[in-house]
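Please look at the sequence and the model before reading on.

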Amino acid sequence: MYRLTDVEVIRDGKKILNVPDLTIAAGDFTVVLGHNGSGKSTLVKLLAAELQADHGSVAWQDKPVTDYNKKILAQQVAYLPQKLPEVSGLNVEELIRLGRYPWRGALGRWNDEDQKYIDQAINQTGLAALRQHLADELSGGERQRAWIAMLLAQQSGLLILDEPTSALDIQYQIQVMELLKAVNQINQRGIVVILHDLNLALRYASQVIALKQGEVLFTGEAKTVLTAENLSQLYNTEIQLIPHPTRSEQVVIL
Ligand SMILES: Nc1ncnc2c1ncn2[C@@H]1O[C@H](COP(=O)(O)OP(=O)(O)OP(=O)(O)O)[C@@H](O)[C@H]1O
């Protein structure tokens with residue numbers, strides 16, 4: 001479980017994140033919502049210890065994230081940033097292998113278990129035909145899937161993903177969300193994912209954290225807090241929800 005206490009992140013004299021008290025359970029499917037610039041990426045960077053708060057504490061399993069050895073934290077928490085780094089010269093399989101680094105022994109050899117998780121991630125993300133292709137030459141959506149595969153190969157208990165569906169067409173958006181759902185429900189791994197698509201949030205979230213101007217506007221169980229009123233307030237736009245014709249969730253009408 002994450003616990004944030006009195007967290008403030010200050011940039012150019014302005015509080016870009018102000019979270020007095022927030023918990024995120026380890027096993028949930030948590031969706032982070034909010035307008036552009038509301039502090040979503042800042043929040044998940046704090047969770048992944050990619051950024052340090054100017055005030056307050058961010059604890060994972062009762063220990064400040066900044067006190068963890070990077071490799072140990074990466075065995076427990078995997079993080080996919082919004083802006084994917086360049087990886088010149090690496091093919092898809094080599095990129096996915098990077099996800100195994102936290103588990104590499106002192107001798108630095110790759111073993112059968114590493115290869116098993118790499119192959120599994122390649123198959124789960126439909127990348128078998130692109131295995132030997134250079135990662136930097138992939139299309140935006142293929143590249144995004146390759147990085148998601150790297151995250152899966154990391155085999156950590158919690159996956160944090162910053163807008164993983166942004167470059168994907170609708171088929172792969174659903175494929176990635178279904179994959180994350182399976183990872184959550186079958187493999188019992190927690191998910192914290194930033195999304196802009198409210199219909200994906202309504203369909204997949206079990207918990208929601210909604211940020212507005214750097215503060216938590218609402219948080220809780222998705223089916224309780226994802227109301228038309230809350231969403232309209234979150235985005236300063238009138239949003240209506242109607243029941244999906246065949247599934248149990250609601251869908252957004254703008
Ligand atoms: N290093 C920085 N210096 C100054 N301002 C910053 C810095 N990092 C972030 N900000 C500002 O903090 C605010 C929150 O940024 P953040 O990236 O967390 O937003 P976000 O909710 O993820 O936005 P988006 O949906 O557009 O990705 C923004 O207004 C951003 O411009």
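The paragraphs below take up the overall build, the nonpolar core and the surroundings of the ligand.

The model is a predicted one. The protein contains nine helices and 12 strands. Its radius of gyration is 18 Å, close to the 18 Å that the globule rule gives for 254 residues, so the protein is as compact as a globular protein of that length. Taken along the principal axes, the box filled by the C-alpha atoms is roughly 55 × 45 × 35 Å. Among contacts between residues at least 6 apart in sequence, 65% join residues that are at least 24 apart.

Turning to the interior, 38% of the 254 residues count as buried. The largest nonpolar core has 69 residues, and the members that touch the most others are Val 32, Leu 47, Ile 96, Ala 149, Ile 160 and Ala 201. Helix α5 (residues 140-153) supplies the largest share of this core, with eight residues. Leaving aside residues up to four places away in sequence, Ala 149 touches Ile 96, Ala 121, Ile 122, Thr 125 and Leu 127.

The last stop is the ligand. Around the ligand are Arg 11, Asp 12, Ile 16, Gly 34, Asn 36, Gly 37, Ser 38, Gly 39, Lys 40, Ser 41, Thr 42 and Gln 82. Helix α1 (residues 40-47) gives this shell its largest share, three residues. Sorted by class, the shell holds eight polar residues, three charged residues and one nonpolar residue.

Methods:
Residues numbered from 1 in each chain as written. Predicted model: local features only at pLDDT ≥ 70, side-chain atom pairs only at ≥ 80, totals over all residues. Helix = DSSP H or I, 4+ residues; strand = E, 2+ residues; numbered from the N terminus. Rg over C-alpha atoms; globule rule 2.2 N^0.38 Å. Buried ≥ 20, exposed ≤ 12 C-beta atoms within 10 Å, placed from the backbone. Contact = placed C-beta atoms within 7 Å. Core = buried A, V, L, I, M, F, W, Y, C linked by C-beta atoms within 7 Å. Near = placed C-beta within 6 Å. Nonpolar A, V, L, I, M, F, W, Y, C, P; charged D, E, K, R; others polar.
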